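Here is a colleague's note for someone opening this entry without having seen it before. Please keep the display beside the text and go through the points in order.

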Amino acid sequence: MTDGTPERTPERTPEWKGLPVTVAGLGVSGVPAARVLHGLGARVTVVDGGDGPRQRAQAEELRALGVEVLLGDGASLPEGTRLVVTSPGWPPHSPLFLAAAGAGVPVWGDVELAWRLRRPHPATGEPAPWLAVTGTNGKTTTVQMLASILTAAGLRTAAVGNVGVSVLDAVLAEQPYDVLAVELSSYQLHWSSSLRPHSAVVLNIAADHLDWHGSMEAYAADKGRIYQGNSVACVYNTADPATEALVREADVEEGCRAIGFTLGPPALSQLGVVDGLLVDRAFVADRHKNAAELASVEDVRPAAPHNIANALAAAALARAYGVEPRAVRDGLRAFRPDAHRIAEVVESGGVTWIDDSKATNPHAAAASLAAYPSVVWIAGGLAKGADMDPLVAGAAKALRGVVLMGADRALIREALARHAPEVPVIELQDGQTGAPAMDAAVRAAAGLARPGDTVLLAPACASMDMFTNYGERGDLFAAAARALAED
């Protein structure tokens, strides 16, 4: 806790009644936090810098409960605040947090609040353990795979957190969960100090959100918070040394093990792949000589390399919790990925069209491009300051052609000129957005594609310059590809 914190805070007493709490931000996490705190008897004020239709509707809903809401210019620290609970997206350098630091007021994230409000399970007398997942890419898929595996094992569970389901709602659910699969973003981890998962994984580390964190070192350090206090397993990616380094630096409970996952044959205390099978040499008796077969590569959909890695990470957390191998297989077979994640849209004239609109940064796009031998790549958007050279250099041999769109397409064009100058590039000009722009991109890609090729929407960029979000971008791509196939 910050020195000088006023005496009456939740860290000093469990009494919430009358405590002045400020909730920073409306939305998926802010609204549930305000409701919960109000229900505990706290005197809640919500502040949000926006003042649009969405914020106004949410504000009216909360005001009806007796919660004060300040919008727009009111997004500053209310006088008398003794605790700030923040939504994940607010960066640490926001004036509200600077004011809180100056006043000695602690700041918790919604995840920190949820952790502190956990309730004992009636069967065990202990709160439901958390199996936690973070990483630059693959978090949502992995946490949903994990929840599917836990469900197949007969456990009451849910995928919660950054996946879009409030952790607060889960920990306070009327019917308690046995165990929770929790996706945590670097933002959420930044504001979590007492979190102690049962087991956790960092899937990968690549440059992202550096404008929020300030540096790559700070970003990685916040990711590494997920390992603090782990009691059973810290799971890491053997192909990404940065994840193992975070494990080595973590302060864990005695007996907690480092467990790797690899796309090759596993060494001791690892999960990996042997002859098309996912196998476990970590959670078996006499792992020097034995391994447990968990599932087949064909049980993972789609069976792209990075998705197999996601499945291994999910399996490692489930096995750390004691789940039997059969449940790993059954859970992976039952899992269906969300839309816009390497989703096959249509096959026409020997060309396969794939929607991976969720690939909103170079690391995600690189994983997607690596899954196909000959690609017409649709890319571009808001690059968020990312370096495109490693992505293009790594994918150059697979590129049949490239269609570029969006505000920062020049970054990719310049990288292509350096690393793949022979690859034909079609560049959409400024002015078009939405469906007309995507229709033009799809027609251009069709002109470049040959039988056996994959047309891949993996933009390596955010979407908001041309589309509402990555979901709309993917939907418009799918609609345009299907319409083209029907012509």
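Predicted model: local features only at pLDDT ≥ 70, side-chain atom pairs only at ≥ 80, totals over all residues.

The points below take up selected parts of the chain one after another, beginning with the kind of model shown.

1. The elements S4, helix H3 (residues 95–103) and S5 together make a right-handed β-α-β unit.

2. Gln 58 deserves a look of its own, as a residue of helix H2, which covers residues 53–63. Is Gln 58 buried or exposed? Its relative accessible area is 16%, and because buried means under 20%, Gln 58 counts as buried. When its neighbours within four places in sequence are left aside, Gln 58 is in contact with Leu 26, Gly 27 and Val 31.

3. The next feature is an open sheet of nine strands, ordered S7-S8-S6-S9-S10-S11-S12-S13-S14, in which the pairing is mixed. Its edge strands are S7 (159–161) and S14 (292–296), each of which pairs on one side only. From one strand to the next, the twist averages 25°. At the S14 end, strand S13 (residues 277–280) and S14 pair in the antiparallel sense over four bridges, and Asp 280 stands opposite Ala 292 in S14. Helix H11 (residues 305–320) lies across several of these strands, among them S6 (130–134), S9 (199–202) and S12 (270–274), and runs at about 135° to S12.

4. The unreviewed UniProt entry carries a "binding site" annotation that covers Gly 135, Thr 136, Asn 137, Gly 138, Lys 139, Thr 140 and Thr 141. Two of the annotated residues can be described further. Gly 138 is found in the loop between S6 and helix H5 (139–152), and with a relative accessible area of 24% Gly 138 is partly exposed. Not counting residues up to four places away in sequence, Gly 138 touches Leu 203 and Asn 310. Thr 141, by contrast, has its place in helix H5 and counts as buried at 7% relative accessibility. Leaving aside its neighbours within four places in sequence, Thr 141 is in contact with Asn 307, Asn 310, Phe 335 and Arg 341.

5. Helix H10 (residues 241–249) has Thr 243, Leu 246 and Val 247 as buried residues. Why do they lie on the same side of H10? They cover an arc of only 100° around the axis, and this puts them on the same side of the helix. An α-helix has 3.6 residues a turn, so residues three or four places apart point the same way. The buried residues of H10 are covered by elements including S9, helix H9 (216–224), S10 and S11. On the face of H10 turned away from its buried side are the exposed residues Pro 241, Arg 248 and Glu 249.

6. For residues 343–461, the unreviewed UniProt entry lists "domain: Mur ligase C-terminal". The end C-alpha atoms of that span lie 18 Å apart, and the span is 34% helix and 24% strand.

7. Strand S18 (residues 399–404) has five of its six residues buried, so it is largely enclosed by the rest of the structure. S18 pairs in the parallel sense with strand S17 (residues 375–379) over five bridges, with Val 402 in S18 as the bridge partner of Trp 377. Between S17 and S18 the chain crosses through helix H14 (residues 389–395), and this β-α-β crossover is right-handed. S18 also pairs in the parallel sense with strand S19 (residues 425–427) over three bridges, where the bridge partner of Leu 404 is Glu 427. S18, helix H15 (residues 409–419) and S19 likewise make a right-handed β-α-β unit.

Methods: Residues numbered from 1 in each chain as written. Heavy atoms only, no water. Helix = DSSP H or I, 4+ residues; strand = E, 2+ residues; numbered from the N terminus. Buried < 20%, exposed > 50% of the residue type's maximum accessible area, 1.4 Å probe, protein only. Contact = heavy atoms within 4.5 Å. Right-handed = clockwise from strand over helix to strand, strands pointing away. UniProt positions renumbered as here; feature names shortened; annotations may be inferred. Pairing = 2+ DSSP bridges. Axes fitted to C-alpha atoms, helices over the stretch in contact; angles between N-to-C directions. Arc of directions from axis to C-beta.
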